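Look through the sequence and the 3D structure before reading on. The report below takes a few places in turn.

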Amino acid sequence: MTDRDVFEYALLRVVPRVERGEFFNAGVVVYCRAKSFVAARTHLDEAKLRVLDPGADVTGVRAALHAVEGVCLGGADAGQAARDDAGRRFRWLIAPRSTVVQPGPVHTGLTADPEGEVERLLDLLVR
């Protein structure tokens with residue numbers, strides 16, 4: 001049997017008109033403490049975005065999603081979070097906010113491959 005570690009994940013939701021509360025999934029953030037791993041993958045369905053808000057700022061939404069990926073990667077793209085460990089970056093990303101890109105609830109699971117889990121969840125829950 002393969003050793004598996006606990007991981008946490010949250011979906012990234014696009015809420016084009018916050019006052020309406022309508023959203024769709026556009027990414028996933030995965031954190032595995034045992035591996036000091038945090039990563040995000042995104043996929044913006046522009047057609048869904050335009051159905052919910054024909055005047056949506058597609059470029060702005062895409063930039064917000066890419067910013068989440070940058071925070072996960074650390075380094076210069078992470079801004080002030082660059083010095084934080086993987087867990088702190090994950091907790092910052094999943095904090096509730098009232099913006100166009102919002103994290104969903106946190107869920108847990110077991111995995112032997114956190115990187116593979118990011119792709120699996122993106123395919124299963126976003127694409």
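## The buried side of α3

Which residues of α3 are buried? In this predicted model, they are Ala86, Gly87, Arg89, Phe90, Leu93 and Ile94. These residues lie on the same side of α3, because the arc they cover around the axis is only 165°.

The buried residues of α3 are covered by several elements, including the strands β1 (5-14), β2 (24-32), β3 (37-42) and β4 (101-111). Helix α2 is also part of this cover.

## How α2 and α3 pack

Helix α2 spans residues 58-73 and helix α3 spans residues 86-94. Their axes are 9 Å apart, and the two helices pack at an angle of about 160°. Angles over 145 degrees count as roughly antiparallel, so this description applies to α2 and α3. The crossing of the two helices is right-handed.

Which residues make the contact between α2 and α3? From α2 come Val68, Val71 and Cys72, and from α3 come Arg89, Trp92 and Leu93. Sorted by type, the residues of this contact are 5 nonpolar and 1 charged, with no polar residue.

## Leu49 in α1

Helix α1 covers residues 46-52, and Leu49 lies in it. Is Leu49 buried or exposed? Leu49 counts as buried, because its relative accessibility is 0%.

What does Leu49 touch, leaving aside residues up to four places away in sequence? The list is Val14, Pro16, Phe24, Leu44, Ala56, Val58 and Val61. Val14 is 35 residues from Leu49 in sequence, yet in space the two are 7.8 Å apart, C-alpha to C-alpha.

## Ser36 in a loop

Where is Ser36 placed? Ser36 is in the loop between β2 and β3. Ser36 has a positive phi of about 50°, although it is not a glycine.

Exposed means a relative accessible area over 50%. Ser36 has 60%, so Ser36 is exposed.

Notes
Residues are numbered from 1 along each chain as its sequence is written. This is a predicted model: local features need pLDDT of at least 70, side-chain atom pairs count only at pLDDT 80 or more; totals for chains, interfaces and linings use all residues. Side-chain values use heavy atoms; hydrogens and water are left out. Axes are lines fitted to C-alpha atoms, for helices over the stretch in contact, and angles run from 0 to 180 degrees between N-to-C directions. Helices (H or I, at least four residues) and strands (E, at least two) are DSSP runs, numbered from the N terminus. Angles under 35 degrees count as roughly parallel, over 145 as roughly antiparallel, 65 to 115 as roughly perpendicular and the rest as oblique. A crossing is left-handed if the near helix is turned anticlockwise from the far one by less than a right angle, and right-handed if clockwise. Contact means heavy atoms within 4.5 Å. Ala, Val, Leu, Ile, Met, Phe, Trp, Tyr, Cys and Pro count as nonpolar, Asp, Glu, Lys and Arg as charged, and the others, Gly among them, as polar. Buried means under 20% relative accessible area, exposed over 50%, partly exposed in between (1.4 Å probe, protein chains only). The arc is that of the directions from the helix axis to the C-beta atoms.
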